[in-house]
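Dear colleague,

Please have it open beside you as you read.

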Amino acid sequence: MWALGPRALRAGLALLGLALLAQGLRSWVASRPFEFRPEEIAELGRHHAGLDHEQAFSKIIVELRKKHPGHILPDEDLQWVFVNAGGWMGSMCLLHASLTEYVLLFGTAVDTGGHSGRYWADISDTIISGTFRQWKEGTTRSEIYYPGDTIVHQSGEATAVQWSAGTWMVEYGRGFIPSTLMFALADTIFSTQDFGTLFCTLRVYAKALLLEAGAYFSHLAQ
């Protein structure tokens with residue numbers, strides 16, 4: 001009994017620390033100003049749903065640059081990068097990222113599926129083409145989403161996910177964004193060991209952070 005006492009105490013303190021950290025991060029994120037609104041990104045996706053995905057993506061990038069000058073990565077930094085996570089494989093093109101939000105294009109050219117991940121962030125996806133199936137935790141039925149539909153993945157949720165080949169979408173995330181990298185990069189590090197993809201992912205995120213830092217200091221100087 002006495003041997004378990006200190007262990008139980010340490011475990012309890014660790015859980016308490018995690019709970020306080022999560023609450024602190026949630027409060028910090030809520031207090032931050034945001035550049036984008038989830039409704040704005042969803043509306044952009046719906047407006048271009050049904051088009052050829054490459055044409056739709058080009059139009060979305062142009063419109064975002066008009067509405068948010070200085071907050072979208074330049075063309076030379078836009079890159080499609082593989083994502084291996086939760087057993088599925090897709091590709092993303094990061095447009096904007098900070099510590100509290102991101103905008104990216106995402107999709108897959110092959111059928112794929114797996115675990116959604118459980119994040120400290122709210123994530124919404126609006127489908128441009130293809131179909132997406134989601135099976136929510138605690139339910140016994142899945143739902144299928146089509147072009148123009150928006151799927152919202154709340155912070156702390158976990159689902160089973162499945163994309164049909166040729167499914168492409170625009171995604172917006174809001175929360176403590178660095179926490180999403182742990183899931184997004186886990187398969188790359190421990191399974192595929194595709195360190196080239198790991199490097200590209202971290203590099204483009206760093207470029208996005210530098211872009212946001214530049215925009216922030218430019219705003220302060222005005």
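The notes below take the salt bridges one at a time and then turn to the cysteines.

Please keep in mind throughout that this is a predicted model.

The next pair brings together Arg 65 and Asp 75, whose closest N and O atoms lie 2.9 Å apart in a salt bridge. Arg 65 sits in helix 3 (residues 53-67), whereas Asp 75 is in the loop between helix 3 and strand 1 (80-85), so this contact ties together parts that are 10 residues apart in sequence. Arg 65 is partly exposed, with a relative accessible area of 27%, while Asp 75, at 53%, is exposed.

A further salt bridge joins the side chains of Arg 118 and Glu 137, with an N to O distance of 3.3 Å. Here both partners are in loops: Arg 118 in the one between strand 4 (112-115) and strand 5 (121-129), and Glu 137 in the one between strand 6 (132-136) and strand 7 (142-145), so that the pair ties together parts that are 19 residues apart in sequence. Arg 118 has a relative accessible area of 48% and is therefore partly exposed, because the exposed class begins only over 50%. Glu 137, by contrast, reaches 53% relative accessibility and counts as exposed.

As for the cysteines, the count of disulfides in the model comes to 0, where a disulfide would require a pair of cysteine sulfur atoms within 2.5 Å. Two cysteines may still be of interest when you look at the structure. Cys 93 is buried, with a relative accessible area of 4%, and Cys 200 is also buried, at 16%, since the buried class takes in values under 20%.

Conventions: Residues are numbered from 1 along each chain as its sequence is written. This is a predicted model: local features need pLDDT of at least 70, side-chain atom pairs count only at pLDDT 80 or more; totals for chains, interfaces and linings use all residues. Side-chain values use heavy atoms; hydrogens and water are left out. A salt bridge is a side-chain nitrogen of Lys or Arg within 4 Å of a carboxyl oxygen of Asp or Glu. Helices (H or I, at least four residues) and strands (E, at least two) are DSSP runs, numbered from the N terminus. Buried means under 20% relative accessible area, exposed over 50%, partly exposed in between (1.4 Å probe, protein chains only).
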